[in-house]
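Here is a short report on one protein model. Keep the sequence and the 3D view open while you read.

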Amino acid sequence: MLTTVLLPICFIVFLGYWAVRRGYVASAHIHPLSQFVMKVSLPAFLLQALAGKNLAEIWHPAYFLGYGGGSLLLFALTYWLCRKMFSQPMSHASVLAMGASMSNTGFIGTAILTLLLGSHSAVYLSLTLIIENLIILTLMLVLAERGLHHQAAGGKDISLQGGVLIGLVKRLLQNPVILAILVGISCVLLQIKLPLWLAQVLEMLGKTASPLALFVIGGSLVGMKLNSMNMQGAVLVGLKVMVMPLVIFGLLWLLKVSPEMLFVGTLLAVLPMPVAFGIFAQHYGLSEKALAPLVLSTALGFIAVGVLLTQSAHFIAH
């Protein structure tokens, strides 16, 4: 399993790193490639895979409850630690909490699961992306914006204006990944079959998601350093790479899910922090506090994934 799954993944990541490092591909081109993955190829893969399934195949309440509950627990714990132990303002604490409770599902998760499960991976990817985008990301944005309003009001406790909340909802509904999942689920509920030509187009685009995502990850690592790591960053990485998979595993085990679901949930939980963590950290003014944890979690996450993949035969039937 290591040679058939992890070796190709590591090779493409290294290829992306080498191409940018040697100037074969300009570093400025990495961002457009990542946009293509998140706005075109990944939505195409999810829509095509979901539209061909029935409701029983895509809706698993136990997985949603276990993974979603575990993610919320990690978010709340990290937010509390950042506020109480590290004295971070509300906006910063919410972004750091997102980093500890959200995985790189869209890029690394897609690549690994498609190699493991093929099109069936879309079920787990969709459920996890719904949890991450509709719950964790929304919670982070609400708290972060509230924190900014709190600071602007001189420390007074105020509520968010309706316009801000409406803006958050519009932002989510404009997310191509969320739209693809909603359209795919609608096709299942209404028993709509995609035209053959459209399904083929989506399949062709979807096949580019995994290799491009891994290439982007490798290219993004160029120039990243760990010289700014501190205690807060170390705690953040520990919560993400070690505590989150243990919590998710425990909750899914208590809910008595299938061995495959137990393994996939744990595998997704052990993945590194998402690229979006660095983007939002820069937006809310704490990029220096986020860069080192993002790099370290990427390195440790790949090691943890490698260890887990050695056990996949015990959980996934081939």
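This is a predicted model: local features need pLDDT of at least 70, side-chain atom pairs count only at pLDDT 80 or more; totals for chains, interfaces and linings use all residues.

The report covers the pockets, the salt bridge, the surface, the helices and some backbone details.

Start with the largest pocket. Its volume is about 1,400 Å³. A total of 50 residues line this pocket, and Q35, F107, V275, A276 and I279 are the closest to its centre. At least two residues each come from helix 2 (30–51), helix 6 (105–117), helix 7 (121–152), helix 8 (162–173), helix 9 (176–189), helix 11 (209–220), helix 14 (275–283) and helix 15 (287–309). By class, 28 lining residues are nonpolar, 18 are polar and four are charged.

The second largest pocket holds about 210 Å³ of space. It has 14 lining residues, and those closest to its centre are F45, T114, E203, G206 and K207. Helix 2, helix 6, helix 10 (196–206) and helix 11 each give at least two residues to this lining. Here the classes divide into five nonpolar, seven polar and two charged residues.

**The salt bridge**

How many salt bridges does the structure hold? It holds one. The partners are K207 and E203, and their closest N and O atoms lie 3.9 Å apart. The cut-off for a salt bridge is 4 Å, so this pair qualifies. Side chains of opposite charge can pair when their charged atoms come close. Both partners are also among the residues closest to the centre of the second largest pocket.

Is K207 buried or exposed? K207 counts as exposed because its relative accessibility is 60%, and the cut-off is over 50%. E203 has a relative accessible area of 35%, so E203 is partly exposed.

**A nonpolar surface patch**

Next, turn to the surface. F11, F14, L15, W18 and Y24 make a nonpolar patch of about 610 Å². F11 sits in helix 1 (residues 2–21). With 54% relative accessibility, F11 counts as exposed.

**An enclosed helix**

Helix 13 (residues 259–269) gives a contrasting picture. Of its 11 residues, 10 are buried, so this helix is largely enclosed by the rest of the structure. The buried residues are E260, M261, L262, F263, V264, G265, T266, L267, L268 and A269.

**Contacts across the sequence**

| Pair | Separation along the chain | C-alpha to C-alpha distance |
|---|---|---|
| L148 and Y284 | 136 residues | 8.9 Å |
| S210 and I12 | 198 residues | 9.7 Å |
| S94 and M140 | 46 residues | 5.2 Å |

L148 is in helix 7. It is partly exposed, at 34% relative accessible area. S210 belongs to helix 11. With 14% relative accessibility, S210 counts as buried, because the limit is under 20%. S94 lies in helix 5. At 0% relative accessibility, S94 counts as buried too.

**Positive phi angles**

Which phi does S87 have, although it is not a glycine? The angle is positive, about 55°. S87 lies in the loop between helix 4 (61–84) and helix 5 (90–101). It is exposed, with a relative accessible area of 59%.

K256 also has a positive phi of about 55° and is not a glycine. Its place is the loop between helix 12 (231–254) and helix 13. K256 is exposed, at 76% relative accessible area. Helix 13, at one end of that loop, is the helix with 10 of its 11 residues buried.

**Where to look again**

Return to the second largest pocket to see two topics together. E203 and K207 are among the residues closest to its centre, and they form the salt bridge.

Definitions and conventions: Residues are numbered from 1 along each chain as its sequence is written. Side-chain values use heavy atoms; hydrogens and water are left out. Patches are made of residues with over 30% relative accessible area and no salt bridge: like charges are joined within 9 Å, nonpolar side chains (Val, Leu, Ile, Met, Phe, Trp, Tyr) within 5 Å. Accessible areas come from the Shrake-Rupley method with a 1.4 Å probe; for residues, only the protein chains shown count as cover. A salt bridge is a side-chain nitrogen of Lys or Arg within 4 Å of a carboxyl oxygen of Asp or Glu. Helices (H or I, at least four residues) and strands (E, at least two) are DSSP runs, numbered from the N terminus. Buried means under 20% relative accessible area, exposed over 50%, partly exposed in between (1.4 Å probe, protein chains only). On a 1 Å grid over the protein atoms alone, a cavity is a set of points where a 1.4 Å probe fits but cannot get out, and a pocket is an open set with protein on both sides within 12 Å along at least five of seven lines; lining residues have an atom within 4 Å of a point. Grid points are joined across faces, edges and corners, and a volume is the space filled by probe spheres set on the points. Ala, Val, Leu, Ile, Met, Phe, Trp, Tyr, Cys and Pro count as nonpolar, Asp, Glu, Lys and Arg as charged, and the others, Gly among them, as polar.
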